[in-house]
Amino acid sequence: MIRICSINLKEESNDTKISYNVRTDKLTGTNFTIIGLMLDEKDNEVISNQIREYNTYYFDSNGGRLEKYLREYKVKHIIIGINLNNIKTENDVKKYIRRIRKLGKICRRCKTMIGILGEDAGEVISIIIFNYRENLNIKNIKLPDLIDSTKLEMYRGKKQRYDYIYENACTKLDYEFQTRNLCDFKDNKCIEKRKTNVICGCCRHYKNLFSRKLIKCEYLKNKKCTARCITCKMFTCDTLQKQGIKFRIRDFYLLNYYLNPMQKLVIKTSYFTPKDKIMRRLMRLGK
Ligand code: SF4
Ligand code: SF4
């Protein structure tokens, strides 16, 4: 079964749509090449037959050859082809990530865009999924995670890519805390501090290294955090942890597979720190 996936790159939108079958007029009228990623030799022929009216190239990890192809044929747009039959284990996912990052780098060098414009504003048709299945059954990795890998490569700047990694995790954390009402705030008091006079949860820290006096965090304004600090967002106190509520870096696909150990340390330890400062640290430590 084949599906086409479109991604919306507008900042306020986090849409990905997995829809229509491959033979529709959505794909006509634009010059593009389908770059097959991780397609086993034995599958190539079967898949080629299904998309024979389009230009196709199988990326076998030989970056030099792909770069030559893109330059020689002046390829302006590509759509990435993923064969889910080739992604069955965590190692396959790691291989997929390595390959798609390499592909992204080559596309940026050759000024080739990933995707063609879709019908809705901001929508870009970017991926064709072959042998589509809803559940991957690989650890806690889901199909939208694989799509996030492509979305990341569609951003051309390093800052935009790190911003996406950061925001992707923050949005998921906000969603978890808000929709599940994890801290159970009532009259500005969370479940942990309910029987105390403390309001606004755990947004307090020691005055300085030598003091045991707790003061309100300077980024707490009008009972809201103005720092968008990912480290604070991942924190859960003993009360929540006893309920089994705990967030680790490995729970977030992009943080887990895209950050190096030093960057992960930054995410683990940067409490009470605004996003732009954490972002600067991440970018200094990464490619
Ligand atoms: S993590 Fe715990 S202490 Fe912090 S706001 Fe939530 S319930 Fe309160
Ligand atoms: S930075 Fe952390 S402690 Fe300070 S307001 Fe934001 S979440 Fe609370």
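**Figure 1. Overall view of the predicted model.** The secondary structure of the protein comprises 10 helices and 12 strands, where helices (H or I, at least four residues) and strands (E, at least two) are DSSP runs numbered from the N terminus. This is a predicted model, in which local features need pLDDT of at least 70 and side-chain atom pairs count only at pLDDT 80 or more, while totals for chains, interfaces and linings use all residues. Residues are numbered from 1 along each chain as its sequence is written, and chains are lettered from A and ligands numbered from 1 in the order in which they are written. The C-alpha trace spans about 70 × 35 × 35 Å along its principal axes. Of the 287 residues, 26% count as buried; a residue is buried if 20 or more other C-beta atoms lie within 10 Å of its own, exposed if 12 or fewer, and partly exposed in between, with C-beta atoms placed from the backbone. Among contacts between residues at least 6 apart in sequence, 65% join residues at least 24 apart, a contact being a pair of residues whose C-beta atoms, placed from the backbone, lie within 7 Å.

**Figure 2. Domain 1 (3-156) and domain 2 (162-285) of the protein.** The domain bounds come from an automatic or database domain assignment. The centres of domain 1 and domain 2, taken over C-alpha atoms, are separated by 34 Å. In the contact region, 8 residues of domain 1 meet 6 residues of domain 2. Helix H4 supplies the largest share of the side of domain 1 that touches domain 2, namely 4 residues. By class, this side of domain 1 has 4 nonpolar, 1 polar and 3 charged residues; Ala, Val, Leu, Ile, Met, Phe, Trp, Tyr, Cys and Pro count as nonpolar, Asp, Glu, Lys and Arg as charged, and the others, Gly among them, as polar.

**Figure 3. The largest nonpolar core, with 30 residues.** A nonpolar core is a set of buried Ala, Val, Leu, Ile, Met, Phe, Trp, Tyr and Cys residues joined through C-beta atoms within 7 Å. Leu-37, Ile-80 and Ile-127 have the most contacts inside this core. Two or more residues each are given by strands E1 (3-8), E3 (33-37), E5 (77-83) and E8 (123-130) and by helices H2 (63-72), H3 (90-110) and H4 (143-154). Strand E8 gives the most, with 6 residues. Leaving aside neighbours within four places in sequence, Ile-80 is in contact with Ile-35, Leu-37, Ile-114, Ser-126, Ile-127 and Thr-150. A second, separate core of 20 residues includes Cys-229, Ile-230, Leu-259 and Ile-267.

**Figure 4. Thr-236, in the loop between H6 and helix H7 (238-242).** With 19 other C-beta atoms within 10 Å, Thr-236 is partly exposed. Its C-alpha atom is separated by 8.8 Å from that of Cys-183, 53 residues apart along the chain. Not counting residues up to four places away in sequence, Thr-236 touches Gln-241, Ile-245, Lys-246 and Phe-247.

**Figure 5. Asn-131 and Lys-139 in the loop between E8 and H4.** Asn-131 has a positive phi of about 50° although it is not a glycine. Asn-131 is partly exposed, with 16 other C-beta atoms within 10 Å. Lys-139, also not a glycine, has a positive phi of about 40°. Lys-139 counts as exposed, with 12 C-beta neighbours inside 10 Å.

How values were computed. Contact = placed C-beta atoms within 7 Å.
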